[in-house]
Amino acid sequence: MVEFITMAPTSGDGEFVGASSNNASRRKVNPWTGTDESSERLPTFEYIRDIAQAAEKGGFSTLLLPTGGGCLDSLVVAANLIGQTDRLKFLFAIRPGSIQPSIFAKQFATVDYWSRGRALVNVVTGGSPVDLAADGDFLDHGTRYRRTREYIQVLKRLFTEETVNHEGEFYKLQGSTLFPKPEAIPKIYFGGASDVGKDVAAAESDVYMLWGETLENTKERINEMKKRTAAYNRELSYSVSFQVVLGQTEEEAYKNADRLLTKAEIDLLNEKKQATAKGDSVGVKRLHQLMEEGRENNFKIGPNLWAGLTQVLSGNSIALVGTPDQVAARIVEFADLGFDKVLLRGFPHLETIQEIGEKVIPKVHEIISIRQTV
């Protein structure tokens with residue numbers, strides 16, 4: 001059965017992507033979120049609470065809490081959402097360069113304890129040198145991934161061992177203990193498209209997260225990862241992420257998709273293109289390439305697959321566009337490749353996940369259930 005994840009837009013939200021405020025003193029639109037700090041819908045407690053409750057009601061199992069300079073702190077958000085939800089799990093995105101593993105493990109374990117086992121870990125290496133530098137992280141791409149690998153190893157030991165003594169390239173702990181221990185050993189969610197990133201995933205993670213691409217590209221990537229994990233005598237779970245734009249007809253859905261960008265500034269499109277060229281995220285460059293390949297066809301890169309948002313967004317920008325039945329059918333096709341988790345989001349986030357929960361998730365479960373009984 002497919003498990004559904006969505007994301008909390010803790011940097012802001014709105015009806016349009018890449019739309020900036022008229023405030024002359026505003027910060028630039030964040031290419032990872034498509035919003036600025038004066039976004040149409042600010043990430044207030046009330047709004048993020050409504051999204052969490054809508055996700056739980058709509059059949060999503062998990063809420064990803066992102067990390068980055070333009071986001072609210074994921075642990076603080078989760079701590080406030082525990083009492084507002086009953087079953088929803090919280091997937092914390094954490095950068096190894098921003099907090100020591102023993103400190104994060106303590107914070108994580110506290111949320112896990114108070115939520116009765118509803119906490120999960122998403123270790124994010126980070127792909128934007130500018131964003132990382134703002135937090136004082138200046139390591140190069142390869143070194144960051146070596147640190148990530150050690151970070152995951154230390155977390156696993158803290159989650160399972162009574163006392164941890166560790167001396168590695170990046171971290172040194174003497175007599176480190178963790179109270180309380182998590183209710184169950186947390187699964188480590190991780191994504192990386194470079195060779196070193198894929199190797200870290202194969203060796204250390206439990207759930208490998210991919211941004212959606214074409215069906216053919218994604219099949220190649222998941223098959224490659226299965227070979228890499230076999231070399232470590234391991235098996236992974238797999239998650240794929242998409243934006244979603246729905247309509248009563250396919251034509252209406254694509255009109256809705258085009259509308260999302262009608263307020264995006266030309267300067268922003270140019271800035272995002274330059275940032276992609278200067279950045280060292282392989283995943284971002286892959287999405288940019290798909291966008292360019294689909295430019296002459298209104299960014300359509302496959303059946304109900306649209307790369308238009310990649311003009312503004314750096315990550316997780318490929319969208320499933322169509323009727324609920326079409327989007328459900330596409331999700332099942334990706335599930336057939338081996339994905340047991342699907343992350344879905346959209347603009348504006350609240351209305352999108354409400355519609356997904358009402359019209360798409362039940363259809364996906366129905367299709368899979370019928371096929372299993374035949």
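Asn233 sits in the loop that runs between helix H7 (215–231) and strand E9. Helices (H or I, at least four residues) and strands (E, at least two) are DSSP runs here, numbered from the N terminus. The model is a predicted one, in which local features need pLDDT of at least 70 and side-chain atom pairs count only at pLDDT 80 or more, while totals for chains, interfaces and linings use all residues. Residues are numbered from 1 along each chain as its sequence is written, and side-chain values use heavy atoms, with hydrogens and water left out.

Although Asn233 is not a glycine, its phi is positive, at about 60°. Asn233 is also exposed, with a relative accessible area of 74%; exposed means over 50%, buried under 20%, and partly exposed in between (1.4 Å probe, protein chains only). Asn304 has a positive phi of about 60° as well, and is not a glycine either. Asn304 belongs to the loop between E10 and E11 and counts as buried, at 5% relative accessibility.

Two prolines deserve a look too. The peptide bond from Phe179 to Pro180 is cis, with omega near -5°, and Pro180 is found in the loop between strand E6 (172–176) and strand E7 (188–190). Phe347 and Pro348 are also joined by a cis peptide bond, with omega about -15°; Pro348 lies in the loop between strand E13 (341–345) and H12. As background, most residues other than glycine have a negative phi, and most peptide bonds are trans.

**Strands and their partners**

Strand E2 (residues 62–65) is covered on both faces, with Thr62 and Leu64 buried on one side and Leu63 and Leu65 buried on the other. Strand E9 is likewise covered: 10 of its 10 residues are buried. One face of E9 carries Ser237, Ser239, Ser241, Gln243 and Val245, and the other carries Tyr238, Val240, Phe242, Val244 and Leu246.

Two strands pair if DSSP finds at least two bridges between them.

| Strand pair | Bridges | Residues opposite each other |
|---|---|---|
| E1 (residues 3–7) and E2 | three bridges | Thr6 and Leu63 |
| E2 and E3 (residues 89–94) | four bridges | Leu63 and Phe90 |
| E8 (residues 207–211) and E9 | five bridges | Trp211 and Ser241 |

Leu63 is a handy landmark here, as it stands opposite Thr6 and also opposite Phe90 in E3.

**Helix H8 and its two sides**

In helix H8 (residues 250–259), Ala253, Tyr254 and Ala257 are buried. They cover an arc of only 95° around the axis, which puts them on the same side of H8; the arc is that of the directions from the helix axis to the C-beta atoms. An α-helix has 3.6 residues a turn, so residues three or four places apart point the same way. Glu251 and Lys255, on the other side of H8, are exposed. Among what covers the buried residues of H8 are strand E9 (237–246), strand E10 (300–302), strand E11 (305–306) and strand E12 (319–322).

**A pocket and a cavity**

Both kinds of space are found on a 1 Å grid over the protein atoms alone: a cavity is a set of points where a 1.4 Å probe fits but cannot get out, a pocket is an open set with protein on both sides within 12 Å along at least five of seven lines, and lining residues have an atom within 4 Å of a point. Grid points are joined across faces, edges and corners, and a volume is the space filled by probe spheres set on the points.

The second largest pocket has a volume of about 260 Å³. E9, H8 and helix H12 (349–373) are the elements that give two or more residues to its lining. Among the lining residues are Glu15, Val244, Asn256, Phe347 and Pro348.

The structure also holds three cavities of 30 Å³ or more. The second largest cavity has a volume of about 70 Å³. Of the 11 residues that line this cavity, the closest to its centre are Met7, Pro9, Gly12, Arg345 and Phe347.

**One last residue**

Thr276 has its place in helix H9 (residues 266–278) and counts as buried, at 6% relative accessibility. Leaving aside its neighbours within four places in sequence, Thr276 is in contact (heavy atoms within 4.5 Å) with Val284, Lys285 and His288.
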